[in-house]
Amino acid sequence: MKDKPSLLIMGNSNVGKSSITRLLLPNPRKFKGKAGKQPGSTLLIKSIEFPQMLYKIVDLPGFGYMKESSRRRAEHIKKQIVIHIEKHHDEYFFGLVILNFLRIEDELKKYFMENGTTIPLTFELIKFLREFEIPLLVILNKVDKISVFDKKRIISLLINSAKAYGLNLVQVTNEEVKVYNEIPYLEFSAIKKTNLDKLKRTINAFLQKKG
Ligand SMILES: Nc1nc2c(ncn2[C@@H]2O[C@H](COP(=O)(O)OP(=O)(O)O)[C@@H](O)[C@H]2O)c(=O)[nH]1
Ligand SMILES: [Mg+2]
C-alpha cells in the first residue's frame, strides 16, 4: 500500500509551527509539541501520523533561526534540511512556510540595510522548495498581535521585497491557486483560529490534486 502523502511545515523557531500543527490534528491531545526539539547535532525529522488523518505532517526548522553565536550549527541544520528535501520531495503534496508577523520587518530590514547582496532566508527557502515543485502557502501567523495599520505596512513591505527577488506573493483566494508563479499567503492566528477553515480547505484541495 502506498504511504500517505506528507504536509511540510517549515519556519523559524517560535513562529507557531507546533500550534498550527495541533490545529490540523484530529486528536491534538496525543501530540507533544516539543517532540521535534532536541539539542544534538542531528536533525531528527519526525512525522506525525494519525489513522483518521489522510496525510502526515512533518515539521522542519527554517533556514534562519539561529543567532550569530551558533552559526555553524545553523549551517549544519540547513544542510540537513536540504538533504532531506532532495531525498523526500516526492512525498510532499504541500508546504506551509510559517512566518511570525512580528518578525517580518526586522528580518527584511536586516537584509536590505546591512546586507543588500544576500537573499533573505525566507525567500531562499521558498525558492528552494519551489525548485522541487512543492506547492506552497506562506502563513503570516500571529495576526492577532498587530494592528490593522501595522498589518498593511508589513504586508506591502513583504510583497515588495519578495518581488525584488522574483517572487510574486498574492493573498490566497477562495479558489485554489492555479498559477504556478504566484505564491499565496494567508493571514493567520493559531490562537484565535483566524482563517483556520481556509487553511484546511487549501490543504485538502492540494491533497486531492496529488491523490
Ligand atoms: N499571539 C499568538 N501567539 C501564538 C500564535 N501561534 C503561536 N503562538 C505562541 O507562540 C509561541 C511559539 O509557538 P510554537 O507553536 O511552539 O512555535 P514553534 O517553535 O514554531 O513550534 C507559543 O507561546 C504560542 O502560544 C498566534 O497565532 N498568536
Ligand atoms: Mg515547535
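Which residue has a backbone N or O atom 3.4 Å from an oxygen atom of ligand 1? In this predicted model, that residue is isoleucine 191, through a backbone N or O atom. Local features were taken at pLDDT of at least 70 and side-chain atom pairs at pLDDT 80 or more, while totals for chains, interfaces and linings use all residues. Residues are numbered from 1 along each chain as its sequence is written, chains are lettered from A and ligands numbered from 1 in the order in which they are written, and side-chain values use heavy atoms, with hydrogens and water left out.

A polar backbone atom of asparagine 14 is 2.8 Å from an oxygen atom of the ligand, and an N or O atom in the side chain of serine 189 lies 3.4 Å from a ligand oxygen atom.

The shell around ligand 1 holds 16 residues, of which Asn14, Lys17, Ser19, Asp144 and Ala190 come nearest; a residue is near if one of its heavy atoms lies within 4 Å. By class, the shell comprises three nonpolar, eight polar and five charged residues. Here Ala, Val, Leu, Ile, Met, Phe, Trp, Tyr, Cys and Pro count as nonpolar, Asp, Glu, Lys and Arg as charged, and the others, Gly among them, as polar. Helix H1 (residues 17-24) gives the most to this shell, with three residues.

The protein contains six helices and seven strands, assigned as DSSP runs (helices, H or I, at least four residues; strands, E, at least two) and numbered from the N terminus. Along the sequence the pattern is β-α-β-β-α-β-α-α-β-α-β-β-α. Of its 211 residues, 44% count as buried, where buried means under 20% relative accessible area, exposed over 50% and partly exposed in between (1.4 Å probe, protein chains only). Among contacts (heavy atoms within 4.5 Å) between residues at least 6 apart in sequence, 73% join residues at least 24 apart. The protein exposes about 12,000 Å², with carbon and sulfur atoms supplying 52% of it.

Seven salt bridges are present, each defined as a side-chain nitrogen of Lys or Arg within 4 Å of a carboxyl oxygen of Asp or Glu. One of them pairs lysine 56 with aspartate 3 at 3.1 Å, N to O. This pair links distant parts of the chain: lysine 56 belongs to strand E3 (residues 56-61) and aspartate 3 to the segment before strand E1 (6-11), 53 residues apart. Lysine 56 is buried, at 11% relative accessibility, whereas aspartate 3 is exposed, at 56%.

Arginine 103 and aspartate 106 form a salt bridge at 3.0 Å, N to O. Both residues lie in helix H3 (residues 101-114), three residues apart, about one turn of the helix. Arginine 103 is partly exposed at 46% relative accessibility, and aspartate 106 is partly exposed at 44%.

In helix H5 (residues 148-164), arginine 153 and aspartate 150 are separated by about one helical turn because they are three residues apart. Their side chains meet in a salt bridge of 2.9 Å, N to O. Both arginine 153, at 36%, and aspartate 150, at 26% relative accessibility, count as partly exposed. Salt bridges with shared partners join Glu105, Lys109, Asp150 and Arg153 into one network.

Terms used
A polar contact is a pair of N or O atoms within 3.5 Å; within protein, one must be able to donate a hydrogen and the other to accept it, and residues adjacent in sequence count only if both atoms are side-chain atoms. Accessible areas come from the Shrake-Rupley method with a 1.4 Å probe; for residues, only the protein chains shown count as cover.
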